[in-house]
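Colleague: I am new to this structure and would like to learn how to read its features. Could you take me through them slowly?

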Amino acid sequence: MYSGIAMRIAGESPCWDWTDKTDIVKKRSIFLIQKTRKLAISAWTTICRVGQEDSSRVFHSLKVGFSLTLVSLLYLLEPLFQGIGQNAIWAVMTVVVVLEFTAGATLCKGLNRGIGTLLAGSLAFLIQYIAEESSRVFRAIFIGTAVFVIGSAATYMRFFPYIKKNYEYGVVIFLLTFNLIIVSSYRIHNVLKIAQERFYMIAIGCGICLLMSLIVFPNWSGQDLHHSTISKLEGLAFSIEACVNEYFSNEDRKAAKDKTLEDPIYKGYKAVLDSKSSDETLAMHASWEPCHSRYCYRLPWQHYVKLGEVLRRFGYTVVALHGCLQTQIQTPRSVRALFKDPCIRVAGEVSKALIELSESIQNHRQCSPEIISDHLHEALQDLDAALKSQPRLFLGPNTDNTATKNMQTFAAATAAATHKSSTTRGGGVSLSSVKTDSSALLQWKSKRAAKEQANNNDSLRPTLSKIAMITSLEFSEALPFAAFASLLVEAVARLDLVIDEVEELGRVANFREFNTCDADQVTKTCTKPTTPLHNHMPSHGVD
């Protein structure tokens, strides 16, 4: 107060305090505006990116919105609402729960929901008819017993592998509908009519879902599984070739520990390792879909799952190869250069074979009979010859070097000293009574000499241990490359399993035969693959 009076007396004003507060508010406002702008730009970028990755996501969203609008007319239009009433909400719930991204998933859920509702309603009607003529107490006991028996039996059936895989959702809907009808019938007299109206609403909702899924821009689970298999083959082809090229490159690999997720090699095989659940789900949904291709026959979707399992085993080898790039102990580049050409040729031929397999599946044709070319065999033979030409790197030093001679000398000296000391101890015990003073002196000198030699050997042992350790370290420099080369050869061996599985898929799926025209279309280069898109959504809970 006194400062303010003094400022007024001096002719000054306390407005400087309000000026500072205004500046702070302006700075905070600018910060909030910039942050809001960044969030808006980030959200818009994400929206555009998701739509550009797969345009079918946009169509699916529009189909869901249009379906919900159709079923909402049962509420919005007065004539329809008067005839249906509050039960129209079941149609809306059915669309929300049943309409999935692919036609197979929608068929699976829609038929499960419809069949489960129909069976539950029929069984509830039967139990209600039996208990209707009895007394109220017996009716309550009968309904409670029926709920216990049916609930226990249906829940136990959910543990059956076939039921769990294909009809678990239908069993859950069966339990829900049965309990709603049978328990409500004890208090409400017109419950059967209500259940009938609800069944009609569920049928209308399922019909709209099936119509939108099968006719309006349909998305097929079988096609997603087909394209996913092709992408996995291309990803493995890219990863193994890029991994070998990077292993022999002259650039130092730095900061790889924190950038694993951004590594294109990692992205190439990541989709293969994480594909087990999605492959099984897509194959199961595809088995529900009708024949929709121009070939007018059903593809063996379970063989795609088997092929995915073989590709995962191949992918484990690629993962191990990729790990060789990140080990702490690395083979010198001068040693790697000795084997660069055959290794790169082997990786290139393996990559070409995987690309040819992906193209054969994409074009629905058999793979080429010469998919494993002579170039691959020649590259393997050259790699084997290069390894045999450098035995010192992998078999250790020769036996005539200094370290080995020193080790052998040390072992012989130790054995001789041990034998001499044991002989001396034995003579002392048996001849101690007849020894003269001179012989005792000679024996003492010999013991002294043996002890000195043992001390010299003990002092030599650390030196020899250091030499042996250095020799083993020099030998260990080639061990990382030996592991890398063995994994590369293992990849070739597992390539045969992949080829066998693709050939089996082609035979079962009736792919057309390979001809000379297809040979000219085989791509010989490997480009960066696209990551498979996982558009199947998690199952909804029971509504």
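**Reading the salt bridges and a helix**

Modeller: Let us start with R345, which is partly exposed at a relative accessible area of 27%, where buried means under 20% relative accessible area, exposed over 50%, and partly exposed in between (1.4 Å probe, protein chains only). This is a predicted model, in which local features need pLDDT of at least 70 and side-chain atom pairs count only at pLDDT 80 or more, while totals for chains, interfaces and linings use all residues. Residues are numbered from 1 along each chain as its sequence is written, and side-chain values use heavy atoms, with hydrogens and water left out.

Colleague: Which residue forms a salt bridge with R345?

Modeller: Side chains of opposite charge can pair when their charged atoms come close. Here the partner of R345 is D341, with the closest N and O atoms 3.2 Å apart; a salt bridge is a side-chain nitrogen of Lys or Arg within 4 Å of a carboxyl oxygen of Asp or Glu. D341 is partly exposed, at 48% relative accessibility.

Colleague: How many salt bridges does a search of the whole structure find?

Modeller: The search finds 15, and one of them joins D279 to K232, with 2.5 Å between the closest N and O atoms. D279 lies in helix α13 (residues 276-286) and K232 in helix α11, so the pair ties together parts 47 residues apart in sequence; helices (H or I, at least four residues) and strands (E, at least two) are DSSP runs, numbered from the N terminus.

Colleague: Are D279 and K232 buried or exposed?

Modeller: Both D279 and K232 are buried.
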